[in-house]
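Subject: Structure handover

Hello,

Here is the structure for you to open. Please keep it on screen while you read my notes below.

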Amino acid sequence: MIRNIHHTGQSTYLSAAFREARADELFGRSTTLLTAVQAIFDLMRRRYRSDYVYRAAIANKIFLGRHSPATTTLLSELRVWRSKADLAMLNGTSTVYEIKTELDNLDRLSSQLADYSRMFDRTYVVTHDGQAQPLQSVLPSHVGVIVLSKSFTLQVVREASSNADNIDILTVVDALRRSELVEMTRALCGSVPQVPSVRLVAECRQLLSQHQARSVHREMVRLLKKRRAFMRDDFRSVPEELVPAYLESGVSVSEWSAITDRLSGTCIGEIMDT
């Protein structure tokens, strides 16, 4: 929706959703998209705490609230072995956040945490009040627990402990892009093997497997941080309800203020009439 509104001023999906929900009766045809989206998020925050609500809390309260975008990188849906990490933050170390909402089951949690422990220094499960106590009794000892309270605050109920010495180098190699793998090999080994392209990954993997896990982890953090670079001013025009959406939209940071202007200048009636 963000991409479509930005590029064309319209969104077929949003138009259909607004008609289905009778948004003109709920909000009024002259209400702006931004006001409507903010109201919808507030409703979700109170009555339907989906994965997106948790992502918004982490992005605003930890990424923007506790850290600086200039020194911390936030990545979503990062592939880690057989799993995809909901959110990962890279600064002086690596921290992964696995979200388990009131709407989720825990069927895959143990395998997800096992995969994350092969790559990240600190691992947290972010969940709701009712799940915090049961989880603490079954989670690995190094995994922390954060609760998203009813008042929309994040409370650490168990701190994560450092795991950088126990990461699996092959898992790190598997998660890196080819160019990142080459850069890591050059940084840690001094040079890159002069072999045919089809053998390069295997040769780099073999060389890196001889290094200490913490050294590989440190270099991994440096490389992953380069994937996204923001400044705090980049978020000045971003509504806090839409921080995850802007981050994941694929739209250039330089265009974010234009998106907000479009949302602020487009009325529900205009969208519903398309």
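Ile-259 is found in helix α13, residues 256-265. Helices here are DSSP runs of H or I with at least four residues, strands are runs of E with at least two, and both are numbered from the N terminus. Ile-259 has a relative accessible area of 0%, so this residue is buried. Buried means under 20% relative accessible area, exposed means over 50%, and partly exposed lies in between, with a 1.4 Å probe and protein chains only. Leaving aside neighbours within four places in sequence, Ile-259 is in contact with Ile-2, His-6, Tyr-246 and Val-251. Contact means heavy atoms within 4.5 Å.

Before going on, note that this is a predicted model: local features need pLDDT of at least 70, side-chain atom pairs count only at pLDDT 80 or more, and totals for chains, interfaces and linings use all residues. Residues are numbered from 1 along each chain as its sequence is written, and side-chain values use heavy atoms, with hydrogens and water left out.

Now find Arg-55. The C-alpha atoms of Ile-259 and Arg-55 are separated by 20 Å, and the two residues are 204 apart along the chain. Arg-55 lies in helix α5. Is Arg-55 buried or exposed? Its relative accessibility is 6%, so Arg-55 counts as buried. The side chain of Arg-55 makes a polar contact with the side chain of Asp-51, at 2.4 Å. A polar contact is a pair of N or O atoms within 3.5 Å; within protein, one must be able to donate a hydrogen and the other to accept it, and residues adjacent in sequence count only if both atoms are side-chain atoms. Not counting residues up to four places away in sequence, Arg-55 touches several residues, among them Ser-76, Glu-77, Asp-86 and Glu-248.

Next, the cores. A nonpolar core is a set of buried Ala, Val, Leu, Ile, Met, Phe, Trp, Tyr and Cys residues joined through side-chain atoms within 4.5 Å. The largest one has 46 residues, and Phe-18, Ile-58, Tyr-97 and Leu-263 have the most contacts inside it. Helix α5 (residues 51-64) gives the largest share of this core, 9 residues. A second, separate core has 38 residues, including Ala-88 and Leu-208.

Then the sheet. Its 6 strands form an open sheet in the order β1-β2-β3-β4-β5-β6, with mixed pairing. Two strands pair if DSSP finds at least two bridges between them. The edge strands, β1 (73-80) and β6 (154-158), each pair on one side only. From one strand to the next, the twist averages 30°. Axes are lines fitted to C-alpha atoms, for helices over the stretch in contact, and angles run from 0 to 180 degrees between N-to-C directions. Strands β4 (residues 122-127) and β5 (residues 143-148) pair in the parallel sense over 5 bridges. Thr-127 has Val-147 in β5 as its bridge partner. Helix α7 (residues 129-136) packs on the sheet and touches β4, β5 and β6; its direction makes about 140° with that of β4.

Last, the cysteines. How many disulfides does the structure hold? The count is 0. A disulfide is a pair of cysteine sulfur atoms within 2.5 Å. The sulfur of Cys-204 is 7.7 Å from the closest cysteine sulfur, in Cys-189, and therefore too far for a bond. Cys-204 is buried, at 1% relative accessibility. Cys-189 is partly exposed, at 27%.

Best wishes
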